[in-house]
Amino acid sequence: MQATMTAAVLAAPVAVPGAVAGAHALVLARLRRRIPRVLPRPAAVLVGAAGPEPDQAAEPAPTPEPPPAPGAPWWGLASPAVVLGCGALLAAALPRGGALDAFGGLLRADAPTVWMLFVVGAVALVACASLPSYGAGERLSARATAMLHTLVQAFLAAMCLAVVTANLGVLWVAVEATTIVTAFLVGHRRTRRSVEAAWKYVVICSAGIALAFLGTVLVYYAARQAGIDEADALDWPTLVARAGALDPSVTRLGVSLVILGFGAKAGLVPLHAWLPDAHSQAPAPVSALMSGVLLSVAFLAVLRYDTIADAALGHGWTRLLLTGIALLTLALATGLLLAQRDYKRMLAYSSMEHMSLIALGTAIGTPLALAAVLLHIAGHGLAKSVAFCASGHVLHLTGTTLIGRVRGLLARLPWLGGVLGLAVLALLGFPPFSLFASELGIVRAGFAAGAGMGWATAGALLLVLAAFAALAARTARMVLGPSPVPAPATVQGGAGAVWPLVLGLVACAALGLATGPLTDLLHDAAAAIGGH
Amino acid sequence: MSDSAYVQLLDLACGAFLLAAVVILWRRELAAIVRTFALQGVALAAIALLLGLHEGRADLVAVAAGIGVLRAGVLPYLMRRALTAATADRRPYDTGGAEGRETRPVVNVAASLLAAAALTLLAYAVARPLVELDPSPATRALPVGLAVVLIGFFVLVTRRRALAQVVGFLLLDNGITATAFLAASGVPLIVELGVSFDVLLAMLVLQLLTARMRAAFGTTDLDDLRELHD
């Protein structure tokens, strides 16, 4: 590929969502000008402050605004399509085991990058295609819709930047930018609960990721002392190639801080507390993006540093750290899944469970385990985004997020019950969905990796079974059984609500049956992040 | 500038930087905390400036100026604005005084100061391999940055006012920036710009959320944030 072409294809996944976000921001600014805010917020909220608030809090006082423009959907779908298209172009142009770079090495695509672009694009396609029906269900005003689209597209641009950059400093900036952009999405309802969730989200994630920045600074210091010049000292391929020269004790401290910090953003113990709150309060398609790809984009940073640490320190240190974190996270998530009464929080804890499996696979670190980790990232992203988007429709249908109050979804609205049931089956790791293959891969690699990892894997397997039982029992109650109220006359959201979810499930199942043309890419990606 | 003058000035700036963190831990008036935070920003800019002058690098001097503007000017200004908003519109109910003070920190002031001493010792212990890698006047002062990071974390987890928590977060960030300068004369410019921009935006987001919190809860006491749990 020619240099200018490469630069364009590498920059497009960041630039196009950014531009679409800008376009929506212009719409937002125009709406602002047309409808000046008369009063800030009425003091009436204090009246309701004492009692418990309803599950489905209403939007703040509806102002007389024009209904949302119906033309929004294809706008939103442009950027996931561009991300997928650029992923395909890069996959075709990528030399085996090599990489393409542009802008002096600032942007770089290797096999893990391309794999993650595919995952981000596919999950974003499901989430962005669900946005219009979500907006219709919430009866969002034109301004709220424009705000939602602006932030979602900016979120997408920041995630793509984190994926395509080779500079570890820029990677940090991009991941922190996702926190800032999504803060308002988490707090969009402005109720007590969503403000609380947004506050916790920003404070815990920013503080956690500040630790990652301190770790980045220490790695930079070690690199400078190893004689790498300033421009290359945060360049990932340079660091991997010259990791042997890094000072071991400084690198160990730096990498540990980085794993803890990006682990916070990936929903791993000890800084995981924001995750269930943010996931349960954000709009459903945003929860889908956060759970489906934001967690794994943050985990990609852990994978990048893990490669450096393996080359600099040997595999022992990060293996110990990641196994410990993975088992603690898994135990916590399972315990809280067993006692869960809210279905959005249930899905959030299930994300923590899957992220800890991904961390365990990274700790194992063999080529089979890392390929399974990447496949698991893709399968979890697709299945979880479908589950979260479906949960948004369940909320609109029933008006509650309590598991105990949702009954007989399959009888009440067959497509919704079916999609939710199948998505949870996929999350439980049933074939033909790809999580079956990837979980099997992680477990097999774990038992093959020696006695210590074997015990850890066995423990993880027991915990996963307990989580499996909890998730299965709760979802069965929601989906099966007779309908408590007569079926609604019309399907909410129409066909536009159905096809993205079905598409996501089909993709997840297809990936489980055969990776097809993606097989080479998957193995190259596993080799690039240090399958050894 | 002679070498001994450089070392003395650098140590002075680092000492002021650490002292400001301890004073923030000690004071309860949020207005005084914000003032001290601005002084800490000046000390941080001075550290960067001294390093730039010593190494004869014009770009570091420029970065020092930028850091001074952001951390001694813009961030304290935003905090002061949030504070006036918090205290002004609640005066009719006579809770303005409570909004402006950190009334009941989880750990009392004397214990906080002891904790700061312990955290500083911990920072010196943790930083030993970092100093050994390249002993120079700047890296010998590096534990100060780590100590401020730890004190920032301590403020973050023990304070109950939203604004005091924000100060904790910003202390954490000041500490990391100081560490970056003392260890490796700062991170590359593009990263430094990105980080400063992120911090500024995070500050704006937190300020806006504080306003929403006041609208929804009537106070910025974080103890009230307890609706979401399992």
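The model is predicted. Chain B and chain A bury about 4,700 Å² between them, and across their interface the rule finds one salt bridge.

**Extent of the interface**
- The contact draws on 49 residues from chain B and on 52 residues from chain A.
- Of the roughly 4,700 Å² that chain B and chain A bury between them, 73% lies on carbon and sulfur atoms.

**Polar and charged pairs across the interface**
- In the one salt bridge that the rule finds across the interface, B:Arg57 is paired with A:Glu230, and their closest N and O atoms are 3.7 Å apart.
- Four residue pairs across the interface of chain B and chain A are in polar contact, with both residues at pLDDT 80 or more.

**The chain B side**
- The elements of chain B that give two or more residues to the side touching chain A are α6 (128–133), α8 (142–158), α9 (162–184) and α10 (189–217).
- The largest share of that side, 17 residues, is supplied by α10(B).
- By class, the side of chain B that touches chain A holds 34 nonpolar, eight polar and seven charged residues.

**The build of chain A**
- Chain A contains 20 helices and two strands.
- Because its radius of gyration, 22 Å, is close to the 24 Å that the globule rule gives for 532 residues, chain A is as compact as a globular protein of that length.
- Along the principal axes, the C-alpha atoms of chain A fill a box of roughly 65 × 50 × 45 Å.
- Buried residues account for 61% of the 532 residues in chain A.
- Among contacts in chain A between residues at least 6 apart in sequence, 81% join residues at least 24 apart.

How values were computed:
Residues numbered from 1 in each chain as written. Chains lettered and ligands numbered in written order. Predicted model: local features only at pLDDT ≥ 70, side-chain atom pairs only at ≥ 80, totals over all residues. Heavy atoms only, no water. Contact = heavy atoms within 4.5 Å. Buried area = accessible area lost by both parts, 1.4 Å probe. Salt bridge = Lys/Arg side-chain N within 4 Å of Asp/Glu carboxyl O. Polar contact = N/O pair within 3.5 Å; in protein donor to acceptor, adjacent residues only side chain to side chain. Helix = DSSP H or I, 4+ residues; strand = E, 2+ residues; numbered from the N terminus. Nonpolar A, V, L, I, M, F, W, Y, C, P; charged D, E, K, R; others polar. Rg over C-alpha atoms; globule rule 2.2 N^0.38 Å. Buried < 20%, exposed > 50% of the residue type's maximum accessible area, 1.4 Å probe, protein only.
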